[in-house]
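Subject: A structure to look at, with notes

Dear colleague,

I am passing on a structure that I would like you to open and read alongside the notes in this email. Please keep the sequence beside you as you go.

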Amino acid sequence: MSPTITAFKASPDRGRGLARDMRVRWALEEVGQPYDVRLLSFAEMKEPAHLALHPFGQIPTYEDGDLALFESGAIVFHIAERHAGLLPDDANARARAITWMFAALSTMEPPIVDRMIAMLLERDQPWCEQRLPLVEDRIRSRLGELSHRLGDADWLDGAFSAGDLMMVSVLLRLGGSGLVEECPNLSAYIARGEARPAYKRAFAAQLAVFTAASSG
Ligand SMILES: N[C@@H](CCC(=O)N[C@@H](CS)C(=O)NCC(=O)O)C(=O)O
C-alpha cells in the first residue's frame with residue numbers, strides 16, 4: 001500500500017509549489033516511494049474527519065497503514081528515516097542534517113511566513129507600511145547568515161539531505177520578494193534544489209492538480 005497525503009483541492013498559489021504538501025511530495029519522490037493524494041477543499045479541512053488527522057485542520061497529512069502524521073517537518077523526517085537517500089548513515093552527519101531541517105522550520109520560516117501574512121492579509125492595515133520593512137530586515141539578516149554559512153558549497157552539510165530539501169522549500173516562499181537575490185549563492189542553492197529530478201516531478205504533480213481543475 002502506498003502512503004496517502006493530503007493537499008489543497010484549490011491551491012491559493014495555483015499549484016506553483018508553495019503549499020506545504022510540496023515538501024512531502026519532493027521527499028517521497030527523492031526516495032522513490034509512490035504515493036496517493038487526497039485533495040481537500042478549505043471546508044473539508046475543517047470537518048471532523050480531517051480534524052481527526054490534523055488537529056489544526058490543515059494540509060499536509062500523511063497516512064500509512066496505522067500511522068497518521070501531520071506537520072510537514074515531521075512527515076519529511078519520517079520519510080527520511082524510513083528510506084535511504086535523505087539522511088546520511090554517519091550518526092553525526094545525520095544529526096547535523098536533522099538540525100538543518102529544524103533550522104529551516106524554526107529559524108528561517110517564521111519571519112518568511114510573517115512576510116507572507118503581511119503581504120496577503122495585512123496590506124490594508126495602516127501600520128503595514130511601517131511593519132513590512134522591519135519584517136524584511138529580519139529575513140535579510142537570516143539570509144545573510146545562511147549565505148555566509150553556505151559559502152561556495154553546493155549543500156548545507158556535505159551531500160544533499162532532508163535539511164536541504166526543507167531549507168530550499170522554505171526559501172522558495174520568498175519568490176518575487178527580491179530578497180534572496182541579494183545573496184547570489186542562495187539563489188544558486190535554490191536553483192540546484194529546483195533542478196533535481198525529484199523536485200521537478202513533485203512540482204509537476206502539484207501543478208497538475210490545478211491544471212486539471214481549471215480545464216475540467
Ligand atoms: N506547520 C505546518 C503548517 C501547515 C500549513 O500552514 N498548511 C497550510 C497550507 S501550506 C494550510 O493548510 N492552510 C489552510 C489553513 O490553515 O486553513 C506544516 O509545516 O505542515
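This is a predicted model: local features need pLDDT of at least 70, side-chain atom pairs count only at pLDDT 80 or more; totals for chains, interfaces and linings use all residues.

Residues are numbered from 1 along each chain as its sequence is written, and side-chain values use heavy atoms, with hydrogens and water left out.

Helices (H or I, at least four residues) and strands (E, at least two) are DSSP runs, numbered from the N terminus. Helix 6 covers residues 128-150, which is 23 residues, and it spans 32 Å from its first C-alpha to its last, close to the 33 Å expected at 1.5 Å a residue; the expected span is 1.5 Å times one less than the number of residues in the helix.

Which residues of helix 6 are buried? They are C128, L132, V135, E136, I139, L143, L146, S147 and L150, where buried means under 20% relative accessible area, exposed means over 50%, and partly exposed lies in between (1.4 Å probe, protein chains only).

The next topic is the nonpolar cores, each of which is a set of buried Ala, Val, Leu, Ile, Met, Phe, Trp, Tyr and Cys residues joined through side-chain atoms within 4.5 Å. The largest nonpolar core has 50 residues, and the members that touch the most other members are L143, M167 and L171. At least two residues of this core come from each of helix 1 (21-31), helix 4 (72-82), helix 5, helix 6, helix 7, helix 8 and helix 9 (197-215), and helix 5 gives the largest share, eight residues. If neighbours within four places in sequence are set aside, M167 is in contact (heavy atoms within 4.5 Å) with W100, A103, A104, M108, L146, L156 and Y189. There is also a second, separate core of five residues, and A19, L40, M45 and I59 are among them.

Turning to charged pairs, the structure holds 18 salt bridges, each being a side-chain nitrogen of Lys or Arg within 4 Å of a carboxyl oxygen of Asp or Glu. In one of them, the side chains of E109 and R20 meet at 3.5 Å, N to O, and this pair links distant parts of the chain, since E109 is in helix 5 and R20 is in the loop between strand 1 and helix 1, 89 residues apart. E109 is buried, at 7% relative accessible area, whereas R20 is partly exposed, at 28%.

A further salt bridge joins R115 and E136 (2.7 Å, N to O); because R115 lies in helix 5 and E136 in helix 6, the pair ties together parts that are 21 residues apart in sequence. Both R115 and E136 are buried. Salt bridges that share partners also join R20, R23, E109 and R173 into one network.

H54, in the loop between helix 3 (48-51) and strand 3 (61-64), counts as buried because its relative accessibility is 2%; leaving out residues up to four places away in sequence, H54 touches I59, P60, T61, F70 and E71. Is D89 buried or exposed? D89, which sits in the loop between helix 4 and helix 5, is exposed, because its relative accessible area is 76%. R192 lies in helix 8 and is partly exposed, with a relative accessible area of 26%. Not counting residues up to four places away in sequence, R192 touches A153, D154, W155 and N185.

With best wishes
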